[in-house]
2 protein chains.
Amino acid sequence: MTRLICDISISLDGFVAGLNPSLEQPLGEGGDLLHEWAFAAQSWRESHGLEGGEKNADSEVIEESISATGAVVMGRRMFSGGEGAWENDPRARGWWGDDPPFHVPVFVLTHHPRETLIMQGGTTFTHVTDGIRAAIDQARAAAGDKDVLLAGGASVVQQCLKAGLLDELQIHVAPVLLGGGTSLFDQLGIEPLRLDATRVVASPSVTHLRFRVPAQTT
Amino acid sequence: MTRLICDISISLDGFVAGLNPSLEQPLGEGGDLLHEWAFAAQSWRESHGLEGGEKNADSEVIEESISATGAVVMGRRMFSGGEGAWENDPRARGWWGDDPPFHVPVFVLTHHPRETLIMQGGTTFTHVTDGIRAAIDQARAAAGDKDVLLAGGASVVQQCLKAGLLDELQIHVAPVLLGGGTSLFDQLGIEPLRLDATRVVASPSVTHLRFRVPAQTT
């Protein structure tokens, strides 16, 4: 059965992006530090059309996620960094060029409807305007037997946690204090919730923490 | 050489205490969930004068910390939960009764001077009113060849990080989302800072992450 899995890198102080994100620096000040472990991994580089990289435990964690993922859900801000009407958005086709690294259907949560974008390499961007549940339902249908990966940003992750939609959480903790930025969890406002810690994979560059989220009665 | 080591339990969403801490529930709503791993460990129980408990990896991590610690620094709020004048503080001798679990000199950062409290079992509580650097200097002097443990709460940890005083950070991540409360790091306001990840110990109950904090030029 298709699971909804949030898979995201954070700093030790809990941020998914640094302060002052911009078109030039979409992850904000220091935000790239959260992803250095991925940039160095062979599987990440391959999915981005790049050669080289290390075949290490980090690369295996990414490879596992790529193999398991049949569709992706993300927020508008993660998709383009923009807001408002698409015609005014300088990254209206996403950050990743003509051949984005997803290679599966991607569902982008937005308030602004538009046609699905058919990119190279198997990536499509479908824009969903009727809320997070609709985006996840569409992604589940597209994923077949595989999983739906919730890629971020913080806002969509928080919406899913509050709505009790998430099945698993894989957090890649980078050994970095950003000192400020966009907090993944923030003050969620949910009741205290125990998770099942299912796996830890550690390397000098990052610690991968994996949790199952118990079914919530909402 | 004596190191200053912050050793603290947090929820996956980054809180050291839940919402609405009170005299009845000093760790706030759900805050006890952060420490269940410790309550179950033989070494924690022994330091608190209790029998039983598991001799597992978690217990070894605590035992290691106890053995290495020659003095402790903590904030007033962690010490008693109170604020203001001591004569109005219902926990003016701390939370832990006549024989607190520290068994070394403890330095409590406060705005309100008083005499040192000599407790049973080797614990003393010295109240330091001239700031975090003074508290740490006194603790270093008392620790001899051992380390100074920075026990919390969030405010004193943040003060130490901002001042570049911390040598190491051991974070015990409990598999719990508290949904709100006192954030350990909050928006620290420091420049992005890489840490050296020196060790990960994982059990089903908790993941112990250990970091060295590089010397900062401040």
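**View 1. Strands 4 and 6 of chain B run side by side in this predicted model**. Strand 4 (residues 105-109) and strand 6 (residues 124-128) of chain B are parallel and joined by five bridges; strands here are DSSP E runs of at least two residues, numbered from the N terminus, and two strands pair if DSSP finds at least two bridges between them. Look for Pro105(B), which stands opposite Thr124(B) of strand 6.

**View 2. The open sheet of chain B has nine strands**. Their order is 5-6-4-3-7-1-8-13-12, with mixed pairing. At the edges are strand 5 (117-118) and strand 12 (196-203), each pairing on one side only.

**View 3. Chain B meets chain A**. Here 35 residues of chain B are in contact (heavy atoms within 4.5 Å) with 36 residues of chain A. One salt bridge to find links Arg194(B) with Glu36(A), whose closest N and O atoms are 2.7 Å apart; the rule asks for a side-chain nitrogen of Lys or Arg within 4 Å of a carboxyl oxygen of Asp or Glu. Across this interface the rule finds two salt bridges.

**View 4. A strand pair crosses between the chains**. Strand 11 (residues 193-194) of chain A pairs with strand 9 of chain B in the antiparallel sense, over two bridges. Leu193(A) has Leu177(B) as its bridge partner.

**Notes.** Residues are numbered from 1 along each chain as its sequence is written, and chains are lettered from A and ligands numbered from 1 in the order in which they are written. In this predicted model, local features need pLDDT of at least 70 and side-chain atom pairs pLDDT 80 or more, while totals for chains, interfaces and linings use all residues; side-chain values use heavy atoms, leaving out hydrogens and water.

Definitions and conventions
Helix = DSSP H or I, 4+ residues; strand = E, 2+ residues; numbered from the N terminus.
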